[in-house]
Amino acid sequence: MRGDQINLQNVIARSATQEPSPQERSGGVERVTKLIDVSRCIGCKACQVACAEWNDLRDEVGNNEGVYDNPLDLTPDTWQVMRFDEHEDEQGNLEWLIRKDNCMHCAEPGCLEACPAPGAIVQYANGIVDFNSEHCIGCGYCVSGCPFDVPRISKKDHKAYKCTLCSDRVFHGLEPACVKSCPTGSIMFGTREEMLDLAETRTSFLKGRGFDNAGVYNPEGVDGTHVIYVLQHADRPGLYSHLPEDPRISPLVDAWKGVTKPLASVAIGISALTGFVHYVTAGPKEHGEEDEAAVREDDAREREREERP
Amino acid sequence: MTLRVTRRQFFKLGAAGMATSSMAMMGFAPEPAVASIRHFKLTGAKITRSNCTYCSVGCGVLLYSRGDAAINVVDDIYHVEGDPDHPVSRGSLCPKGAGLLDYIQSDSRLRYPQVREPGSDEWRRISWDEAFDRIARHMKDDRDANFVTDDEDGNSVNRWTTTGMLAASASTNETAYLTHKVVRSLGMVAFDNQARV
């Protein structure tokens with residue numbers, strides 16, 4: 001069974017398979033979205049702890065590197081990190097921009113596009129992009145396919161890991177663990193519609209408070225994401241620890257999946273077929289008596305060499 | 001022993017491998033059921049309401065334990081999260097509260113009464129009865145020896161200043177009221193909780 005379980009909700013996309021996904025029950029499933037309001041975050045990392053607790057992850061205790069980022073980067077055991085950035089505005093005021101970095105759950109996931117293992121990456125009708133470790137072959141294509149550099153390959157089991165948006169909790173009617181823990185209301189969760197609405201409300205509030213460039217980060221290049229940010233400086237997402245301005249799936253992924261792979265498959269298929277047809281029509285290759293004698297001589301020499309101490 | 005493969009066998013193997021893999025690639029292979037959901041770890045857990053032990057905010061927490069309290073089961077807490085019905089925190093927690101599970105399961109957590117007697121450098125495990133008797137004896141002796149009934153101006157004060165009490169910060173109002181009454185009725189002056197330590 002390889003850990004497969006009953007599919008309670010609808011899978012709308014699966015990696016590396018032409019099999020159509022079940023479409024019949026796609027009605028009535030609302031897309032969900034996590035809204036991260038950077039302007040309300042105090043960087044307490046309760047979300048980071050709640051994530052580790054819920055997902056049974058205990059990363060190695062690292063060292064203090066002189067900054068608040070801890071750990072410094074995502075790891076197979078840390079599916080979200082707070083990234084702290086100091087920014088000086090035009091008036092010379094210090095702004096502490098703290099971004100919760102985790103999987104963005106793109107509507108068009110680069111990881112899923114790039115993945116060559118059937119069913120290792122799935123997208124559910126509610127928008128969550130999830131990794132199925134049972135099918136993961138650890139090739140790392142999802143890492144290069146991700147425009148946000150999120151998946152990490154474990155050195156222990158050579159499988160890819162990332163935030164699941166607590167798909168298990170969401171399927172059972174709960175909000176993700178990080179959302180629940182947040183003591184400032186910086187992380188909110190609900191239907192996509194509600195969250196986009198709330199993001200607009202927060203944006204206009206920030207604009208009223210002097211952040212003229214406040215806005216919502218919901219990049220079009222990947223057809224929107226199911227994790228969206230409210231940014232004080234939406235015109236410069238790069239300020240927030242290099243949040244990409246216009247994230248897109250690498251053209252290499254399209255080339256490999258869109259053109260190269262089917263062409264190569266067909267080429268291999270044709271050559272195998274040709275070989276088979278040739279075998280049927282022309283029969284196996286005939287060897288002359290000279291060749292056979294040479295092979296026997298070779299064998300005899302080889303055996304002699306092996307028997308010598 | 002070395003595996004002996006002749007040139008012809010090698011080609012045959014290669015051709016067979018290529019043929020089968022291209023068959024699979026062209027769709028002549030059984031497709032596994034490639035979808036799954038994650039197992040939900042709280043199904044059937046016993047939920048117990050409690051308070052976070054850390055600070056005086058006293059956020060509400062839900063303790064999820066394995067076992068349904070049947071006679072043959074020893075419960076074990078394996079998940080903690082915020083209590084959405086708690087008026088103070090409404091389900092949210094700080095990073096310390098969100099990590100309560102590892103505090104409960106910690107190896108260095110105190111699980112029974114211990115005493116380190118004068119002159120000794122070792123903690124000795126004692127029973128709860130022994131602990132209560134010992135505490136009561138010490139309190140009585142100390143209070144008898146150091147109780148102050150009058151100050152220098154002759155006012156009646158009834159102070160007991162040589163022993164202090166450390167109570168819990170995350171108590172309910174009722175518990176706090178009772179603790180206060182008990183401690184103050186003994187004349188104890190030094191009285192605090194762990195949130196300020």
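Analyst: Let's start with domains: their bounds come from an automatic or database domain assignment. This is a predicted model, where local features need pLDDT of at least 70, side-chain atom pairs count only at pLDDT 80 or more, and totals for chains, interfaces and linings use all residues. Residues are numbered from 1 along each chain as its sequence is written, while chains are lettered from A and ligands numbered from 1 in the order in which they are written.

User: Which domains does the assignment give for chain B?

Analyst: Chain B gets domain 1 (46-104), domain 2 (110-146) and domain 3 (147-197). Taken over C-alpha atoms, the centres of domain 1 and domain 3 of chain B are 30 Å apart.

User: How many residues of domain 1 of chain B are in contact with domain 3 of chain B?

Analyst: Two residues are in contact if their C-beta atoms, placed from the backbone, lie within 7 Å. By that test, six residues of domain 1 of chain B are in contact with four residues of domain 3 of chain B. On the domain 1 side, two are nonpolar, four are polar and none is charged. Here Ala, Val, Leu, Ile, Met, Phe, Trp, Tyr, Cys and Pro count as nonpolar, Asp, Glu, Lys and Arg as charged, and the others, Gly among them, as polar.

User: And how is chain A divided?

Analyst: Chain A has domain 1 (11-247) and domain 2 (255-307), and their C-alpha centres lie 50 Å apart.

User: What makes A:Tyr240 count as buried?

Analyst: A residue is buried if 20 or more other C-beta atoms lie within 10 Å of its own, exposed if 12 or fewer, and partly exposed in between, with C-beta atoms placed from the backbone. A:Tyr240 has 21 C-beta neighbours inside 10 Å, so it counts as buried. Leaving aside neighbours within four places in sequence, A:Tyr240 is in contact with A:Val38, A:Asp85, A:Leu97, A:Arg99 and A:Leu231. The C-alpha atoms of A:Tyr240 and A:Asp101 are separated by 9.7 Å, though the two are 139 residues apart along the chain.

User: Why is A:Asp56 called exposed?

Analyst: A:Asp56 has 11 other C-beta atoms within 10 Å, so it is exposed. A:Asp56 also has a positive phi of about 55 degrees although it is not a glycine. B:Asn158 has a positive phi too, of about 50 degrees, and is not a glycine either. With 11 C-beta neighbours inside 10 Å, B:Asn158 counts as exposed.

User: Which residues have the most contacts inside the largest nonpolar core?

Analyst: A nonpolar core is a set of buried Ala, Val, Leu, Ile, Met, Phe, Trp, Tyr and Cys residues joined through C-beta atoms within 7 Å. The largest one has 81 residues, and those with the most contacts inside it are A:Val38, A:Ala46, A:Ala50, A:Cys115 and A:Ile121. Helix H1 (residues 46-54) of chain A gives the most to this core, with seven residues.

User: Why does H8(A) lie largely in the open?

Analyst: The number buried among the 19 residues of H8(A) is zero, so it lies largely in the open. H5 of chain B reaches 18 Å from its first C-alpha to its last, close to the 18 Å expected.

User: What pLDDT does chain A average?

Analyst: pLDDT is the predictor's confidence in each residue, from 0 to 100. Chain A averages 89, and 94% of the residues score at least 70. Over residues 1-6 of chain A, though, the pLDDT is below 50. Where pLDDT is low, the predicted coordinates should not be read in detail.

Key:
Helix = DSSP H or I, 4+ residues; strand = E, 2+ residues; numbered from the N terminus. Expected span 1.5 Å × (residues − 1).
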